[in-house]
Amino acid sequence: MGRKKLTMIGGGQIGGNLALIAAQKELGDVVIFDIPQSEGMVKGKALDIMQLRPHDGYDSELSGTSDYSDIKGSDVVIITAGIPRKPGMDREDLMSINLGIIKDVASNVKKYAPNAFVIVISNPLDAMVYAFHKVSGFDKSKVVGMAGALDSGRFRAFLAMETGLSAQDVSCMVLGGHGDSMVPITRLATIGGVPVTDLIDADRLKEIEDRTRFAGGELVKLFGNGSAFYAPAQCAIEMAESYLKDKKRVIPSAALCEGEFGIDGYFIGVPTVIGSGGIEKIIEFSLTDKEKSDLANTLDAVKKTVAETNL
Ligand code: APR
């Protein structure tokens, strides 16, 4: 049995880090695809990571290309193609440009890698993953958006920073759209099993929730010319790894709901089980009335963004 094959569509900030982490975790061989104008850049990144192998001791093969036929046989495709945010833009502002790009990517992935498990990262995420699914016609189990892992991870990081305790021991989930209306389920957040509501007072928790909601924008402002890339890359790799190794991890992700949580026909952040079957299951649990109304609110935001795709 040969190695698995992972393709990164878009070899920019996130794409480069995806390739690096995939190689370091020895998930398989990695192809970095980008448009012809950026072919040199992705060939260079692939070669640079190849030269890191003697130090790290891994054997994955990396290559860069702008020829879609090179993605043939991919087991996993991770999509970051598009433009990132600049200060003053929200994720929805990227729509017109990134929609055209995702449609092109979807038809090529359908043609060359029809059996891949596809993780979409491009923003506005909720619309991009919806558009990919529509255009490709892939089974819903094989298409997912990376958002909840990152939003939950940010919440976990902030709770760890607040308490001085290990981020590893913080467990929580953020559901809903990948925008300001996302819903941190603070009621269920724990540190080492202890409810955070017993560790941090309610006002401060509210501030941490708000920081989580705007965490992407906080970075856009600091960078001045781009958006987050280290954590987003790691999050997508976690999802890819759970698929390739059939780990069945429970990761909040933008999955197609068909009745779950009363949502029908939209990709939205919900707890998912990721294993060799792709998105094997959406785990439903009971929500409080406030959480239900917050979820209805975030669903409205997702519907609005999706409507703009005209798909
Ligand atoms: N096909 C493939 N790649 C493309 C295409 C296309 N049609 N159009 C653009 N790209 C490439 C760009 O050439 C660039 O290398 O996508 C890459 C995007 O990289 P960056 O600009 O560095 O953006 P990055 O920070 O990686 O973010 C990518 O993810 O989180 C989201 O909002 C973010 O939508 C953005 C995406």
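This is a predicted model: local features need pLDDT of at least 70, side-chain atom pairs count only at pLDDT 80 or more; totals for chains, interfaces and linings use all residues.
**Entry 1, salt bridges.** I started with charged pairs and found 17 salt bridges in the structure. The general idea is simple enough, as side chains of opposite charge can pair when their charged atoms come close. One pair I looked up is arginine 3 with aspartate 29, whose side chains meet at 2.9 Å, N to O.

Next I checked how the chain is divided. The domain assignment gives me domain 1 (5-145) and domain 2 (148-307). Their C-alpha centres are 22 Å apart. For the contact between them I get 37 residues from domain 1 and 38 residues from domain 2.

For polar contact between domain 1 and domain 2, the count is 6 residue pairs, both residues at pLDDT 80 or more. Then I asked which elements give two or more residues to the side of domain 1 that touches domain 2. My list reads helix H1 (13-24), strand E4 (76-79), strand E5 (117-120), helix H5 (125-136) and strand E6 (143-145). By residue class, that side of domain 1 divides into 21 nonpolar, 7 polar and 9 charged.

Going through the backbone, I noted that the peptide bond from asparagine 123 to proline 124 is cis, with omega near -5°. Proline 124 is in the loop between E5 and H5, and I already had both E5 and H5 on my list for the side of domain 1 that touches domain 2.

I traced a sheet of 3 strands, which is open, antiparallel in its pairing and ordered E7-E10-E11. Strand E7 (170-171) and strand E11 (194-195) are at the edges with a single partner strand each, so one side of each has no neighbour in the sheet. E7 is joined to strand E10 (residues 190-191) by 2 bridges, and the two run antiparallel. What stands opposite valine 170 in E10? I find isoleucine 191 there.

I flagged aspartate 246 for its phi, near 50°, which is a positive value in a residue other than glycine. Aspartate 246 is in the loop between helix H9 (230-244) and strand E12 (249-258). Then I moved on to valine 250, which is placed in strand E12. Neighbours within four places in sequence aside, I have valine 250 in contact with Pro271, Thr272, Val273 and Ile283. I also ran a distance to asparagine 115: valine 250 is 135 residues from asparagine 115 in sequence and 22 Å from it in space, C-alpha to C-alpha.

Conventions
Residues are numbered from 1 along each chain as its sequence is written. Side-chain values use heavy atoms; hydrogens and water are left out. Domain bounds come from an automatic or database domain assignment. Contact means heavy atoms within 4.5 Å. A polar contact is a pair of N or O atoms within 3.5 Å; within protein, one must be able to donate a hydrogen and the other to accept it, and residues adjacent in sequence count only if both atoms are side-chain atoms. Helices (H or I, at least four residues) and strands (E, at least two) are DSSP runs, numbered from the N terminus. Ala, Val, Leu, Ile, Met, Phe, Trp, Tyr, Cys and Pro count as nonpolar, Asp, Glu, Lys and Arg as charged, and the others, Gly among them, as polar. Two strands pair if DSSP finds at least two bridges between them. A salt bridge is a side-chain nitrogen of Lys or Arg within 4 Å of a carboxyl oxygen of Asp or Glu.
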